[in-house]
Amino acid sequence: MARGKIQIKRIENATNRQVTYSKRRNGLFKKANELTVLCDAKVSLLMVSSSGKFREFISPSTTTKQVYDEYQKLLGIDLWKSHYETMQENLKKLKETNKILKRQIRQRLGECLNDLRFADLLSLEKEMETAVEVVRLRKEKLIMNQIQTKTKKIRNAAGCNNRLYEFDMDDPHYGLVEDGVGYYDSAVIGYSANDPHNVFPLRLQPSHHHHPNLHHGGGGGSDRTTYTLL
């Protein structure tokens, strides 16, 4: 039974279209390989699917570049000439832009001003004044941020100091070491949990305990000084 003739038109169903593409692509690659083996031909196939996937077949005896070079040689054309000219034109524009930017930078440093007209000098002066204003505003903002940070640290330190003095008033056995009073021999170092760099000495109240066992048997007596910690 003969197969029906297939009408050549775009397949609307996406799944069927992809299946047909894969089958016929493999068939083309198979025929290209047969031409390479049977006829010693140099075959190059480039295929891009509707989904953007690229597939290529190239005879093992050659490369894609060699095929392009032979194509240009046989037809007497240059595939890269127009592209090269476009690249050269873009490079020329980039060099000119770079030259202008360098000159503008030197002008903002007070150089290359002799060739500027009066209007150009006024425009340059206005641009630099605007830039200076932007820099000044940024500097002031940084200063205000630093002031706020320092103020907060001072406020926290003052609050910690006030709590320590209140603690000193509530319990005379503990407290801050007063200058010149002479408590430094019985002091320990304390610090704030919120700010470990805020170190301060604490006064401890010594208490003497006598151990009667140490006096038994005619031995010499000994006192032990202990400090009660909070």
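Which residues make up the largest nonpolar core? Keep that in mind while reading the points below.

1. **Model.** This structure is a predicted model.

2. **The core.** The answer is F29, A32, V43, M47 and F57. That makes five residues in all in the largest nonpolar core.

3. **M47 and its contacts.** M47 belongs to that core. Leaving out residues up to four places away in sequence, M47 touches Y21, R25, L28, F29, K53, F54 and R55. F29, one of these contacts, is also a core member.

4. **The largest pocket.** Its volume is about 270 Å³. The lining consists of I6, Q7, I8, K9, R10, I11, R17, T20, Y21 and R24. Sorted by class, four of the lining residues are nonpolar, two are polar and four are charged. Y21 lines this pocket, and Y21 also touches M47.

5. **D40.** Look at the backbone here. Most residues other than glycine have a negative phi. D40 is not a glycine, yet its phi is positive, about 55°. Where does D40 lie? D40 is in the loop between α1 (14–39) and β1 (44–48). D40 has a relative accessible area of 67%, so it counts as exposed.

6. **C112.** C112 is another residue to check. Its phi is near 55°, a positive value, and C112 is not a glycine. C112 sits in the loop between α3 (81–108) and α4 (118–170). Is C112 exposed or partly exposed? Its relative accessibility is 39%, so C112 counts as partly exposed. The cut-off for exposed is over 50%.

How values were computed: Residues are numbered from 1 along each chain as its sequence is written. This is a predicted model: local features need pLDDT of at least 70, side-chain atom pairs count only at pLDDT 80 or more; totals for chains, interfaces and linings use all residues. Side-chain values use heavy atoms; hydrogens and water are left out. On a 1 Å grid over the protein atoms alone, a cavity is a set of points where a 1.4 Å probe fits but cannot get out, and a pocket is an open set with protein on both sides within 12 Å along at least five of seven lines; lining residues have an atom within 4 Å of a point. Grid points are joined across faces, edges and corners, and a volume is the space filled by probe spheres set on the points. Ala, Val, Leu, Ile, Met, Phe, Trp, Tyr, Cys and Pro count as nonpolar, Asp, Glu, Lys and Arg as charged, and the others, Gly among them, as polar. A nonpolar core is a set of buried Ala, Val, Leu, Ile, Met, Phe, Trp, Tyr and Cys residues joined through side-chain atoms within 4.5 Å. Buried means under 20% relative accessible area, exposed over 50%, partly exposed in between (1.4 Å probe, protein chains only). Contact means heavy atoms within 4.5 Å. Helices (H or I, at least four residues) and strands (E, at least two) are DSSP runs, numbered from the N terminus.
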